[in-house]
Amino acid sequence: MKAAEKLGFEETLLKDVVSKNRCAGCGACVIVCPFNCLEYTQAQTPRLVSECQKCGICVKVCPRYEWSLPEMEKFVFGRTRKPEEIFGIYTEMYIAKSTSKEVLNVCQDGGVATALLVSALESKLIDGAVLAHTDSERPLLPKPVVAETQEEIMRGAGTKYSYSPNLLALKDVVERKKQSVAFVGTPCHIQALRKIQVFPLRKYSNPIKFMIGLMCTESFEYESFIGRFLPQTLGVNLRDVKKMNIKGKILIELRSGEVKEVSLKEAKQYTRKGCFYCADFSSEFADISLGGLGLNQQTFTIIRTEKGSEIFENALKRNFITAEPVSEESFSFRLLKKLSKMKRKRASEST
Ligand SMILES: Cc1cc2nc3c(=O)[nH]c(=O)nc-3n(C[C@H](O)[C@H](O)[C@H](O)COP(=O)(O)OP(=O)(O)OC[C@H]3O[C@@H](n4cnc5c(N)ncnc54)[C@H](O)[C@@H]3O)c2cc1C
Ligand code: SF4
Ligand code: SF4
Ligand code: SF4
């Protein structure tokens with residue numbers, strides 16, 4: 001890492017990450033550059049827009065550059081995983097669900113992400129949350145935001161299957177002088193945030209009190225998949241889409257009630273290239289990880305740290321969620337292990 005300090009963007013991230021299509025698109029390098037040399041492009045990669053001062057800061061926060069799983073485990077959990085800890089280190093697991101009909105109407109699975117945030121905001125555990133809204137002009141295009149009210153949190157509910165560079169919203173967190181924020185994001189976001197903590201870049205790491213990680217197999221290119229394939233091949237008017245979901249195949253539910261389907265095999269060509277290099281399915285470095293895992297109106301919840309336990313217990317005690325323990329015999333538990341192994345294998349074959 002010492003040698004990398006003197007290196008600039010071009011001989012590190014551009015050469016070894018972006019040019020090799022390994023970039024996750026997280027945006028961490030863009031926000032941390034103290035000289036504002038980097039721009040986040042429409043292709044969801046960083047681009048140099050002024051002379052790099054070779055300070056080496058962007059290099060240190062990239063989840064795809066000098067990433068060490070054991071080192072990060074020691075930093076977050078104080079130990080490395082045992083071989084049987086296939087989906088990372090954790091303390092408890094639950095199948096949980098929001099108790100609010102309003103949340104269940106708009107959420108992706110059991111509405112746990114939204115319920116945790118609303119409960120934490122009401123009880124002043126947090127003063128904001130980084131999450132994804134959708135763009136008002138371009139339907140289904142995710143837009144990273146800092147939500148400050150219950151209404152703004154609720155508006156973020158539901159999964160957007162194209163990439164949302166939520167780290168870009170950290171600029172707003174700092175500008176609005178937020179003190180205590182929950183961050184919702186995919187595994188690549190959480191890895192970048194942990195690297196920001198390790199560095200540390202306190203301006204960005206101090207306000208983040210809770211990291212809520214989503215499970216993630218992949219995300220799809222907006223322009224080619226959502227913008228062209230859905231309307232042109234599937235005949236979907238994007239403004240009519242009520243919800244997208246993946247249950248063995250991609251299901252696109254329209255407001256009329258009709259459901260259009262795309263096989264995962266067909267959709268593979270639209271997977272973002274950087275996702276093929278991603279080994280983390282279950283947000284292994286989050287405080288708490290959430291996923292659907294084939295459940296119906298329930299969220300599979302993995303508590304990994306004390307912080308994860310704090311935000312979960314807060315919502316449970318205040319009756320914002322209900323929770324039951326996970327059976328290791330259940331389909332969802334077996335699926336979690338299977339998808340974690342598959343994603344690691346895919347990444348090792350891509351590298
Ligand atoms: C790209 C992607 C792929 C996923 N793939 C899988 C999978 O293969 N298997 C699985 O079990 N689960 C997957 N998930 C997680 C799952 O879809 C749900 O997000 C999770 O179960 C939580 O559901 P919920 O009802 O508790 O969340 P909700 O209460 O509906 O809240 C969801 C939260 O996630 C935020 N969010 C939505 N889209 C994004 C995004 N693109 N980037 C960052 N934040 C976002 C929202 O703003 C909201 O705060 C994926 C999620 C994403 C974003
Ligand atoms: S943070 Fe900015 S100035 Fe520093 S190496 Fe990266 S691009 Fe160059
Ligand atoms: S993965 Fe993130 S930090 Fe690394 S080059 Fe891509 S956008 Fe920058
Ligand atoms: S697979 Fe998911 S976590 Fe990994 S880079 Fe793609 S969006 Fe990020």
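The side chains of Lys247 and Asp109 meet in a salt bridge, with N and O 3.9 Å apart; a salt bridge is here a side-chain nitrogen of Lys or Arg within 4 Å of a carboxyl oxygen of Asp or Glu. The model is predicted, so that local features need pLDDT of at least 70 and side-chain atom pairs count only at pLDDT 80 or more, while totals for chains, interfaces and linings use all residues. Residues are numbered from 1 along each chain as its sequence is written, chains are lettered from A and ligands numbered from 1 in the order in which they are written, and side-chain values use heavy atoms, with hydrogens and water left out.

The structure holds 22 salt bridges. Another of these joins Arg318 to Glu122, with the closest N and O atoms 3.1 Å apart. This pair links distant parts of the chain, 196 residues apart: Arg318 lies in the loop between α13 (306-317) and β13 (321-325), and Glu122 in helix α6 (residues 112-122). Helices (H or I, at least four residues) and strands (E, at least two) are DSSP runs, numbered from the N terminus.

The protein is assigned domain 1 (3-61), domain 2 (69-214 + 276-350) and domain 3 (222-270), with bounds from an automatic or database domain assignment. The C-alpha centres of domain 2 and domain 3 are 24 Å apart. Their contact (heavy atoms within 4.5 Å) takes 14 residues from domain 2 and 12 residues from domain 3. Between them, domain 2 and domain 3 bury about 1200 Å², 56% of it on carbon and sulfur atoms; buried area is the accessible area (1.4 Å probe) that two parts lose on being put together, summed over both. Pro139, Leu140 and Tyr161 supply 46% of the area that domain 2 buries against domain 3, more than any other three residues.

Across the interface of domain 2 and domain 3 there are 2 salt bridges. The count of residue pairs in polar contact between domain 2 and domain 3 is 8 (both at pLDDT 80 or more). A polar contact is a pair of N or O atoms within 3.5 Å; within protein, one must be able to donate a hydrogen and the other to accept it, and residues adjacent in sequence count only if both atoms are side-chain atoms.

Around ligand 3 are Val17, Cys23, Ala24, Gly25, Cys26, Gly27, Cys29, Pro46, Cys62 and Pro63. Of the 13 residues around ligand 4, Cys188, Cys216, Cys275, Cys278 and Lys343 come nearest. Ligand 2 also has 13 residues around it, of which Cys33, Cys52, Gln53, Cys55 and Cys58 come nearest.

Two backbone features remain. Most residues other than glycine have a negative phi, and most peptide bonds are trans. The peptide bond from Phe199 to Pro200 is cis, with omega near -15°, and Pro200 lies in the loop between α9 (187-198) and α10 (202-205). Glu66, not a glycine, has a positive phi of about 50° and is found in the loop between α3 (57-61) and α4 (69-77).

Technical notes: A residue is near a molecule or strand if one of its heavy atoms lies within 4 Å of it.
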